[in-house]
Amino acid sequence: MKKLIFATALSFVGLTAMANVGTTELNMDETTVVVAQDFEEISVSDVPEAVTAAVAKDYPTAKVAKAYKNDQDQYKLDLTLEDGTSGSVYADAEGNWIEM
């Protein structure tokens with residue numbers, strides 16, 4: 001009987017320990033999640049220098065095709081790379097990347 005209780009307790013501990021393997025933590029220091037998405041198109045020349053510097057640093061082969069701005073001074077940039085691929089990135093007025 002002692003062996004049965006011991007085996008049951010040991011298997012319970014083993015299963016609960018395995019349940020926590022692979023749990024990831026969300027690191028909110030790297031990106032900022034933004035809720036507002038009401039962007040209006042602006043001229044590419046109206047994008048702040050900090051944002052264009054961030055694009056030049058992180059995407060050196062990219063060109064800003066279109067730029068958009070919302071009420072919270074956040075920018076959506078449509079980028080085109082030299083190889084023809086394109087995509088959108090989001091940044092705040094200080095040039096920090098944000099996730100939408």
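Guide: A nonpolar core is a set of buried Ala, Val, Leu, Ile, Met, Phe, Trp, Tyr and Cys residues joined through side-chain atoms within 4.5 Å; buried means under 20% relative accessible area, exposed over 50%, and partly exposed in between, with a 1.4 Å probe and protein chains only. The model here is predicted, so local features need pLDDT of at least 70 and side-chain atom pairs pLDDT 80 or more, while totals for chains, interfaces and linings use all residues. Residues are numbered from 1 along each chain as its sequence is written, and side-chain values use heavy atoms, without hydrogens and water.

Visitor: Which residues make up the largest nonpolar core?

Guide: Ten residues do: Val47, Val51, Val55, Ala62, Ala67, Tyr75, Leu77, Leu79, Val89 and Ala91. The largest share, three residues, comes from β3. Helices (H or I, at least four residues) and strands (E, at least two) are DSSP runs, numbered from the N terminus.

Visitor: Why is Ala93 called partly exposed?

Guide: Its relative accessible area is 25%. Buried would need under 20% and exposed over 50%, so Ala93 falls in between and is partly exposed.

Visitor: Where does Ala93 lie?

Guide: Ala93 is in the loop between β4 (86–92) and β5 (97–98).

Visitor: What does Ala93 contact, apart from neighbours within four places in sequence?

Guide: Contact means heavy atoms within 4.5 Å. With those neighbours left aside, Ala93 contacts Pro48, Ala50, Val51, Asp73 and Tyr75.
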